[in-house]
Every structure is written in structure tokens, then in C-alpha cells.
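Please keep the sequence and the model in view while reading.

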Amino acid sequence: MRPYVILNAAMTLDGKIATKTGSSEISGLEDLKRVHELRKEVDGIMVGINTVLMDDPRLTVHKITSEKLDNPIRVVVDNKARTPIESRILNDDALTIIAVSNKVETDNIIFERSKALSEKADVFYSKDPSVNLKELMKYLYSKKIKTLMLEGGSTLNFSMLRENLIDEIRVCVAPMVVGGKYAKTLFDGDGFDFMKEAINLELKNSYQLGKDLVLEYKVL
Ligand SMILES: NC(=O)c1ccc[n+]([C@@H]2O[C@H](COP(=O)([O-])OP(=O)(O)OC[C@H]3O[C@@H](n4cnc5c(N)ncnc54)[C@H](O)[C@@H]3O)[C@@H](O)[C@H]2O)c1
Ligand SMILES: Nc1nc(=O)c(N)c(NC[C@H](O)[C@H](O)[C@H](O)COP(=O)(O)O)[nH]1
């Protein structure tokens, strides 16, 4: 058993979720409120380590009225235990799970960092050199995470998609264009070679929210 996974992101019309420098304020105020309503509904919220390093996110419900109890469990996919100990994701507002890879077994620095993180978070040790996402999903389900919001970035989004672990995609398309071949897109990673390998989606809903357009897809 695994959580029901909803990928939520904001992108520019040209599919970028950040510029080449990592700047990523894309959603309008109305969309941010929608995101926080969703954070309030789900049991868990997951990001990749680069998102933590770039944005220092809290991943809590803070743009709408809420209580501490509304905060989902935060999950970071972090092979080498690089989550900074002072990062906001480790604050007392919610529980945090850091998923590290089996590199902790062979690298003393990574081992020491994971030990330090275990004082502030629940550390999940994967059996593989890059966190095994299927295994992690099973673990999260065992921690009572029945619904999980995936909040990026591009690399983790693609890995989750490739492993068939995403059930829904909700994307805010902002009326902006930034370009740049080094700017992160909604899904990066290695990508597929042929169109016939594409993951197919079904558009379930679409609406305008302030300046933005929200598209909601079911993954087929
Ligand atoms: N606009 C948005 O909605 C939005 C949302 C989130 C992040 N972002 C932006 O995305 C950028 C970060 O994206 P990114 O692609 O560099 O990093 P990411 O956040 O996807 O983190 C990727 C890292 O996670 C680790 N990882 C461990 N196991 C993995 C696995 N099995 N599969 C994949 N990754 C694994 C690896 O170290 C990998 O490099 C930031 O600039 C951030 O601002 C934008
Ligand atoms: N929906 C959405 N619109 C955006 O314009 C944007 N940049 C993100 N980015 C998601 C990412 O996970 C961010 O790091 C957190 O949104 C940081 O903010 P918090 O302190 O967690 O609220 N998400």
C-alpha cells in the first residue's frame, strides 16, 4: 500500500518552475491560498533536497487560518543527509521525515550528518544508493500518510512520475515567460526517449484563479 500522491506546482507558460538562478515566485496570492488549503487537507508533503537548499521552505499551512494540528508531516528526499540542521523544515511546527540513501553505510560524513538529523527528525534509511521511492512510499503509508502532496522540484517530480507513483497533477500556469535552457521545468531528470513512452494524463478540471490558470489532471 502507498499514499495517494498529488503533485502540485506552479510554472510559467514556458513550463519553468524556477529561473536559471533558482528564483521561483510564480503563483499569485489566490493560488498560494489554494496550495495552503491543499496542504491542510493532506497527511504529508514531500520535496527533494535541492528545493530545501534553494528555498528553505517551511512546508506548513501558514497562508490561511490554521492550527498546528493542520500541518502535514514533512518529507525530504535527501540521499546524502544534506538538510541543514538550522533549516526551517526542521522547526517544531510539524514532524519531519528525512529519507537518506545507503551511502550512510559507507561514508562517515554522511553517517554523522544523518545522526545529527535524527535528533530533530525521523530518518528513513533506504537500501539503495539513491532513495528507493517505492520503498519510501510504503514507509510513509505505515506512518499513516494516506495522502501525500509532492511539491517538487523537477528532479524528484520526474523520478516519482517514472516510478508510476503520482496519481494527480495540479499545476498553476502563470501568465509569464522566462525562457532559459538551464531553468528547471516541471519534470526534468533524464526524461523519456520516445513519445510512445510518455505518461498520459486526463484533464479533469481547469479554471482561472486571479491572474493564473489552474489545470488538474488524473494520471492514467
Ligand atoms: N514552482 C514550483 O512549484 C516549485 C516547487 C518546488 C521546487 N521548485 C524549484 O525547483 C528547484 C529544485 O529542483 P531540482 O530538480 O533541482 O531538485 P529537487 O528538489 O527535485 O531535488 C532533487 C534531489 O533529490 C535527491 N534525490 C534523492 N533520491 C532521489 C530520487 N530517487 N529521485 C530524485 N531525486 C532524488 C537528489 O539529491 C536530487 O538531486 C528549486 O529552484 C525550487 O525553487 C519550484
Ligand atoms: N505552488 C507554488 N507556487 C510557487 O510560486 C512556488 N515557488 C512554489 N514552490 C514550492 C516550494 O516547495 C517552495 O519551497 C515553498 O512554497 C516555500 O514556501 P513555504 O515556506 O513552504 O510556504 N509552489
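Five helices and nine strands make up the secondary structure of the protein chain in this predicted model. Their order along the sequence is β-α-β-α-β-β-α-β-α-β-α-β-β-β.

The radius of gyration of the protein chain is 17 Å, which agrees with the value near 17 Å for a compact globule of 220 residues. Of the contacts with a separation of 6 or more, 72% join residues 24 or more positions apart. The table collects further values for the whole chain.

| Property of the protein chain | Value |
|---|---|
| Box filled by the C-alpha atoms, along the principal axes | roughly 50 × 45 × 35 Å |
| Buried residues | 47% of the 220 residues |
| Accessible surface | about 11,500 Å² |
| Share of accessible surface from carbon and sulfur atoms | 53% |
| Distance between mean positions of the 32 positive and 33 negative charges | 1 Å |

Now to helix α5. It spans residues 154–162. Why is α5 largely enclosed by the rest of the structure? Seven of its nine residues are buried, so the helix is largely enclosed. Buried here means under 20% relative accessible area. The buried residues of α5 are S154, L156, N157, F158, S159, M160 and L161.

What covers these buried residues? The cover includes strands β1 (4–12), β2 (44–48) and β3 (73–77). It also includes helix α4 (133–142), together with β6 (147–150) and β7 (168–174). Just after α5, N164 adopts a positive phi of about 60°.

Methods. Residues are numbered from 1 along each chain as its sequence is written. Chains are lettered from A and ligands numbered from 1 in the order in which they are written. This is a predicted model: local features need pLDDT of at least 70, side-chain atom pairs count only at pLDDT 80 or more; totals for chains, interfaces and linings use all residues. Side-chain values use heavy atoms; hydrogens and water are left out. Helices (H or I, at least four residues) and strands (E, at least two) are DSSP runs, numbered from the N terminus. The radius of gyration is taken over C-alpha atoms; the globule rule is 2.2 Å times the number of residues to the power 0.38. Buried means under 20% relative accessible area, exposed over 50%, partly exposed in between (1.4 Å probe, protein chains only). Contact means heavy atoms within 4.5 Å. Accessible areas come from the Shrake-Rupley method with a 1.4 Å probe; for residues, only the protein chains shown count as cover. Lys and Arg count as positive and Asp and Glu as negative; His and the chain ends are not counted. The place of a charge is taken as NZ of Lys, CZ of Arg, CG of Asp or CD of Glu.
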